[in-house]
Amino acid sequence: MAADRPVIALVAAAGQGRRLGAPLPKAFVELDGLTLVQRSVRALLASEVVDEIIVLVHPDMEATAQELFADAPVRIVHGRHERADSVLAGLESIAAADAIVLVHDAARALVPPEVVRRVVAEVAGGAPAAIPVVAVADTIKAVEAGAVNATPDRSGLRAAQTPQGFDLARLRAANEAYFADADPGFVATDDASLMEWFGERVSCVDGDVLAFKITTPLDLTLAQAVLADSRTEKQS
């Protein structure tokens, strides 16, 4: 066990994921025989540091989710229209007052278990928030009105991944403040940005290229190739 508190994972699986072009929500698209959300749950369990998993799904997908996880230690909770609202629903379903909470995107289905362990260890060590990050390979352009107005130095840039880890009480406080503010001045695109807005320090740990987000058909093709290559390596 990497922590002296319970570790509870929220898996965000309520979005539609229209860019993938699938006839059903992205989290329920199959990747080599298992749905993305099943693979994400398996990765969390394989880390051996997660005590409870809550999967946040659209109400229309509850029956499907219950069937997928009939034999797994998973609790199903209704998500909401926006990601931040879904995470709030997950937090409201947690009875514990003191815990480490992970928030993971179901679309990052190939996240290695060691990334999960690194995030948990960082929060267990006292960080109010911790996220896995990878270096940015592309040159990034800031664009306004269809033209480049700046080229940030990419040496100081990182791409954020999930699971993102938090002290439960502080994440709850940040959410309460955010939803109580009629005009918070920004849209929380991930939970780390919400904690930044709330004034908390967000620590970084090493992420992994395999924790990429499956968003488009090309991403799904890449994920299939990764799994095929992994099978080939095991057989050789």
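Predicted model: local features only at pLDDT ≥ 70, side-chain atom pairs only at ≥ 80, totals over all residues.
User: Why is valine 209 called exposed?

Analyst: Valine 209 has 66% relative accessibility, so it counts as exposed. You will find valine 209 in the loop between strand S12 (203–206) and H7. Helices (H or I, at least four residues) and strands (E, at least two) are DSSP runs, numbered from the N terminus.

User: What does valine 209 touch?

Analyst: Not counting residues up to four places away in sequence, valine 209 touches Val134 and Gln161. A contact means heavy atoms within 4.5 Å.

User: Is glutamine 161 buried or exposed, and how do you know?

Analyst: Its relative accessibility is 4%, so glutamine 161 counts as buried. Glutamine 161 sits in the loop between strand S10 (158–160) and strand S11 (164–167). Leaving aside neighbours within four places in sequence, its contacts include Arg108, Pro132, Val134 and Phe212.

User: Why is cysteine 204 called partly exposed?

Analyst: Cysteine 204 has a relative accessibility of 49%, so it falls in the partly exposed class. This residue belongs to strand S12. Apart from neighbours within four places in sequence, cysteine 204 is in contact with Ile131 and Val133.

User: Why is helix H3 described as largely enclosed?

Analyst: Of the 10 residues of helix H3 (residues 83–92), 7 are buried, so the rest of the structure largely encloses this helix. Those buried residues are Ala84, Ser86, Val87, Leu88, Ala89, Gly90 and Leu91. Among the elements they pack against are strand S1 (7–13), strand S4 (52–57), helix H5 (168–180) and helix H6 (191–197).

User: What makes arginine 83 and aspartate 191 a salt bridge?

Analyst: In general, side chains of opposite charge can pair when their charged atoms come close. The rule asks for a side-chain nitrogen of Lys or Arg within 4 Å of a carboxyl oxygen of Asp or Glu. For arginine 83 and aspartate 191, the closest N and O atoms are 2.8 Å apart, and the pair forms a salt bridge. This pair links distant parts of the chain, with arginine 83 in helix H3 and aspartate 191 in helix H6, 108 residues apart. Arginine 83 has a relative accessible area of 23%, so it is partly exposed. Aspartate 191 has 3%, so it is buried.

User: Which other pairs form salt bridges, and how many are found in the whole structure?

Analyst: A search of the whole structure finds 8 salt bridges. Among them, arginine 108 pairs with aspartate 105, the closest N and O atoms being 3.9 Å apart. Arginine 108 has a relative accessible area of 11%, so it is buried, and aspartate 105, at 9%, counts as buried. Glutamate 200 also forms a salt bridge with arginine 170, the closest N and O atoms being 3.6 Å apart. Glutamate 200 lies in the loop between H6 and S12 and arginine 170 in helix H5, so the pair ties together parts that are 30 residues apart in sequence. Arg83, Asp105, Arg108 and Asp191 are linked in a network of salt bridges.

User: What lines the largest cavity, and what is its volume?

Analyst: The volume of the largest cavity is about 40 Å³. Its lining consists of Arg83, Ala84, Ala188, Thr189, Asp190, Asp191 and Leu194. H3 and H6 are the elements that give two or more residues to that lining. On a 1 Å grid over the protein atoms alone, a cavity is a set of points where a 1.4 Å probe fits but cannot get out, and lining residues have an atom within 4 Å of a point. Grid points are joined across faces, edges and corners, and a volume is the space filled by probe spheres set on the points.

Technical notes. Residues numbered from 1 in each chain as written. Heavy atoms only, no water. Buried < 20%, exposed > 50% of the residue type's maximum accessible area, 1.4 Å probe, protein only. 1 Å grid on protein atoms, 1.4 Å probe; cavity = no way out; pocket = protein on both sides within 12 Å on 5 of 7 lines; lining within 4 Å.
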